[in-house]
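Colleague: I have the model on screen and a few questions. Can we go through them one at a time?

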Amino acid sequence: METKTSKNRATFSLVCYLRKSNVLKNGEVPVYLRITVNKQSVLLTMQGSVLPSLWSQAKEKSKGKDKAAKELNLYIDAVKSKIYQIYRELEIDGKPISAQIIKDIFLGNTKPDEGKTLVEVHTEHNERCRKLINTEYSPSTIYKFEASLKFLQEFMKKELDREDIPLSKLNENFIRQYEAYLKTERGCNNNSTIKHLKIFKKVIRIALANDWMQKDPFISIKFHLDEVHVDFLTMDELNILINKELPNKRLSQVRDVFVFCAFSGLAFVDVKGLRQEHIIKDANGRMWIRKPREKTNNMCNIPLLQVPQMLLEKYKEYPLGGQLLPVPTNQKMNAYLKEIADLCGIEKRLTSHVARHTAATSVFLANKVSMENVAKMLGHSSTRMTQHYARVLDQSIAEDMDNVEAILFKIGINKNLK
């Protein structure tokens, strides 16, 4: 059997023959099968032998009429058919083909290549993204990708006793097991779990787009994020924070960074990366922060209020290597903010992100800044993202109800109740 192929395909042939130098005691000679791919050959010893006088090389079969001859011929046909099937499957799947690979698969010495694996594709994805740090991805996003890959590997090792899994073997049950592992063994809450599952799903989308897998294991899985209510400071609490005498320089500096973010809306990573080139003066003399967000690369356009301008002036001589403010690591920042909250008698859990929510809620929205303008200042792509920050303050409710009261009093709605 010989397959003559096109220019880009492998040449493939199968030939059965006798090796007459290996004569057995009964005078029969073993039958061999030569597998040839691209002029490279391997020999496969067949489970049969025949007298040389009863062998037809033209037909590659025994000429005998007895039961043993018929069984040998059926066996030869079955082996050739199986080997040809292995070759065709490798060819159709676009996998490497050689005579040795075909022989090994036939003998069961190796499994057919099941294609790309989860760890392989996830690692390739992470490496591509790492090359785009500070252009399309922030370092924190790359860290999340790496953490997700690590969690997947830990899950497979602990729960499935394996290092990796072919993409073709992934199914909904695998994802459900992984979800349970994240929530129980890793202690992730629902929203953190969903973040890792979304990264996993992104890798699967890449595999589907490249035809590395045929079925989407996420097709029946829906994500439902829990609503998260992040604390923010009221203006009264913010005043207490600003006017509190703090015991040391370390806490004072962290307080100043928090206040700067509370009056500008910058996230921690953006205030840490704030440089002089991000401070712009317009034609009217107004100072602005114009800086792309580290997380999304969306441009923030923030007119500087007096408070953040005063803080920039305060630290203008501070030796920070290009940084405009003395921003510590996020971990230290949040630890020091907890200490500051205790000193100020503020019972809310202060973090660097609370400052951004405070800006959006107590400083901007509570003072009638439109949702559209708040979105632009926060660097959001749409007001839908900004609505997450929008809170109805007691102050706003009271003011609206005062307006209602004034209208009702004006039309005399209560005159007959006296």
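Colleague: Where is Lys-368 found?
Modeller: Helices (H or I, at least four residues) and strands (E, at least two) are DSSP runs, numbered from the N terminus. On that numbering, Lys-368 is found in the loop between helix 12 and helix 13.

Colleague: What pLDDT do local features need?
Modeller: Residues are numbered from 1 along each chain as its sequence is written, and side-chain values use heavy atoms, with hydrogens and water left out. This is a predicted model: totals for chains, interfaces and linings use all residues, side-chain atom pairs count only at pLDDT 80 or more, and local features need pLDDT of at least 70.

Colleague: Is Lys-368 buried or exposed?
Modeller: Buried means under 20% relative accessible area, exposed over 50%, and partly exposed in between (1.4 Å probe, protein chains only). Lys-368 has 60% relative accessibility, so it counts as exposed.

Colleague: Which residue in the turn between strand 3 and strand 4 has a positive phi?
Modeller: Strand 3 (residues 29–37) and strand 4 (residues 40–50) run antiparallel and are joined by eight bridges. Two strands pair if DSSP finds at least two bridges between them. The two form a hairpin with two residues between them. The turn residue with a phi of about 50 degrees is Asn-38.

Colleague: What is the relative accessible area of Asn-38?
Modeller: Asn-38 is not a glycine, yet its phi is positive. Asn-38 counts as partly exposed, because its relative accessible area is 41%.

Colleague: Back to helix 12: at which residue does it bend?
Modeller: Helix 12 (residues 352–364) has 13 residues and reaches 18 Å from first C-alpha to last. That is close to the 18 Å expected at 1.5 Å a residue, where the expected span is 1.5 Å times one less than the number of residues. A bend is the angle between axes fitted to the seven residues ending at a position and the seven starting there. In helix 12 it is about 35 degrees, at Thr-358.

Colleague: Why is helix 12 largely enclosed by the rest of the structure?
Modeller: The buried residues of helix 12 include Arg-356, His-357 and Phe-364. Helix 12 is largely enclosed because its buried residues number 12 of the 13.

Colleague: Which helices do the buried residues of helix 12 pack against?
Modeller: Contact means heavy atoms within 4.5 Å. By that test, the partners are helix 7 (235–243), helix 8 (249–262), helix 9 (268–272), helix 11 (330–344) and helix 13 (371–378).

Colleague: In what order do the three strands of the open sheet lie?
Modeller: Strand 7 (279–281) and strand 9 (299–303) have a single partner strand each, so they stand at the edges. The pairing is antiparallel, and the order is 7-8-9.

Colleague: Which residue in strand 8 stands opposite Ile-280?
Modeller: Strand 7 and strand 8 (residues 287–292) are joined by three bridges. Across that pairing, Ile-280 faces Trp-288.

Colleague: What is the bridge partner of Lys-291 in strand 9?
Modeller: Strand 8 and strand 9 pair over five bridges. The partner of Lys-291 is Cys-300.

Colleague: How far apart in space are Gln-153 and Val-119?
Modeller: Gln-153 lies in helix 4 (residues 139–160). Gln-153 is 34 residues from Val-119 in sequence. C-alpha to C-alpha, the distance is 7.5 Å.

Colleague: What share of the protein's residues count as buried?
Modeller: The protein has 15 helices and nine strands. Of its 418 residues, the buried share is 42%.
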